[in-house]
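Morning, everyone. Please bring up the model on your screens, and keep the sequence beside it.

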Amino acid sequence: MGGISEVTGLSAELPEEYVEEISGSVLLLQIIGASSACAMVFGGVVPFIPQYYEIKKTNNSDGFSLYVCLTLMVANILRILFWFGKRFEAPLLIQSVVMIVTMLVMVRLCVEVRRSHVILKVRDRTLSANEELVERKNMDLRYFWKWTDFQSYVDCTMLMAITGSLVTYMLIDVPIFVEILGFSALFSEALLGLPQLQRNYESKSTEGMSLTMVLMWTAGDIFKTLYFLIREAPFQFWLCGMLQVSVDIAILGQVHIYRHNVPVHHSSRSD
């Protein structure tokens, strides 16, 4: 709006046709800027839409790693905390909130699908059992993020957010902590594809993984990295963006290498 006001102030000095042309250019730039901001907020969510419908259609979530959701939730919780120490653009902050909600939706779908495949009733694996709060199995790290109820994932997410908030509150005035926090947030997000990369490698197959999702990851990450560079975001953003693009390309390479393979095994257990 300020740009348009300045252009209006020049109307007495410039011919009318020039003023209209400059005003149109400023408006166009504002539209492009707003569109880019919207793309940043919702662009990270779009790649998960084809994967969501792939799971719904096949009623099978074996090809999708829940650790992708964990990685993104940790990364975006840390990014939100980083914002309190070093302010960056609002679209990036809003994107983090949207992504956390989206990952919880993905987790819920996967949990429901995997529970529907259970034939014999077995003891639930939860973050904390109501009747046996200190049950050894629930606290076993082998079962971390492999719970059989959605509420455990919600509780864990809240626990991570509260713990991170308390630590950040105590150390917010320590510059090195803020920088490490920002790097940790973006580095963990840059590694978001690694769980999927490892899963594909172990099964020697990409069946059940949405190729559209990975292609959208790649396109989105390239766009993000360029956006960070153009908008002069903190260096953590564009550095980790480049790493993220590299992981995406590696997964696309697996699609080509394993294109004739079938999974070594199928499992209905959460991982």
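**Starting at threonine 157**

Let's start inside. Threonine 157 touches Met73, Ile77, Leu104 and Trp145, leaving aside residues up to four places away in sequence. Touching here is contact, meaning heavy atoms within 4.5 Å. Before we go on, a word on the source: this is a predicted model, local features need pLDDT of at least 70, side-chain atom pairs count only at pLDDT 80 or more, and totals for chains, interfaces and linings use all residues. Residues are numbered from 1 along each chain as its sequence is written, and side-chain values use heavy atoms, with hydrogens and water left out.

Back to threonine 157. Where is it? In helix H7, residues 150-171. Helices (H or I, at least four residues) and strands (E, at least two) are DSSP runs, numbered from the N terminus. Is threonine 157 buried or exposed? Threonine 157 has a relative accessible area of 8%, so it counts as buried. The cut-offs: buried is under 20% relative accessible area, exposed is over 50%, and partly exposed is in between, with a 1.4 Å probe and protein chains only.

A polar atom of its side chain lies 2.8 Å from the backbone oxygen of tyrosine 153. Now look at isoleucine 100. Isoleucine 100 and threonine 157 are 57 residues apart in sequence, yet their C-alpha atoms are 9.1 Å apart in space.

Next, helix H4, residues 66-85. H4 has 20 residues and reaches 30 Å from its first C-alpha to its last. That is close to the 28 Å expected at 1.5 Å a residue; the expected span is 1.5 Å times one less than the number of residues. How many of the residues in H4 are buried? The count is 15 of 20, so H4 is mostly covered.

**The wider view**

Step back. The protein has eleven helices and zero strands. Of its 271 residues, 42% are buried. Take contacts between residues at least 6 apart in sequence: 77% of them join residues at least 24 apart. The accessible surface comes to about 15,400 Å², and 66% of that belongs to carbon and sulfur atoms. Those areas come from the Shrake-Rupley method with a 1.4 Å probe; for residues, only the protein chains shown count as cover.

**Out on the surface**

Now the outside. A nonpolar patch is formed by Val167, Tyr169, Met170, Leu171, Val174, Ile176 and Ile180, with about 710 Å² of accessible area together. The elements giving two or more residues to the patch are H7 and helix H8, 175-190. H7 gives the most, with four residues. Valine 174 sits in the loop between H7 and H8. Its relative accessible area is 32%, so valine 174 is partly exposed.

Asparagine 59 lies in the loop between helix H3 (48-58) and H4. Its phi is near 55°, a positive value in a residue other than glycine. Lysine 204, in the loop between helix H9 (194-203) and H10, has phi near 55° too. Asparagine 59 is partly exposed at 36% relative accessibility, and lysine 204 is partly exposed at 33%.

Last stop: aspartate 221, in helix H10, residues 211-230. Aspartate 221 is buried, because its relative accessible area is 5%. Which residues does aspartate 221 touch, not counting those up to four places away in sequence? Gln244, Val245 and Asp248.

Note on methods:
A polar contact is a pair of N or O atoms within 3.5 Å; within protein, one must be able to donate a hydrogen and the other to accept it, and residues adjacent in sequence count only if both atoms are side-chain atoms. Patches are made of residues with over 30% relative accessible area and no salt bridge: like charges are joined within 9 Å, nonpolar side chains (Val, Leu, Ile, Met, Phe, Trp, Tyr) within 5 Å. A salt bridge is a side-chain nitrogen of Lys or Arg within 4 Å of a carboxyl oxygen of Asp or Glu.
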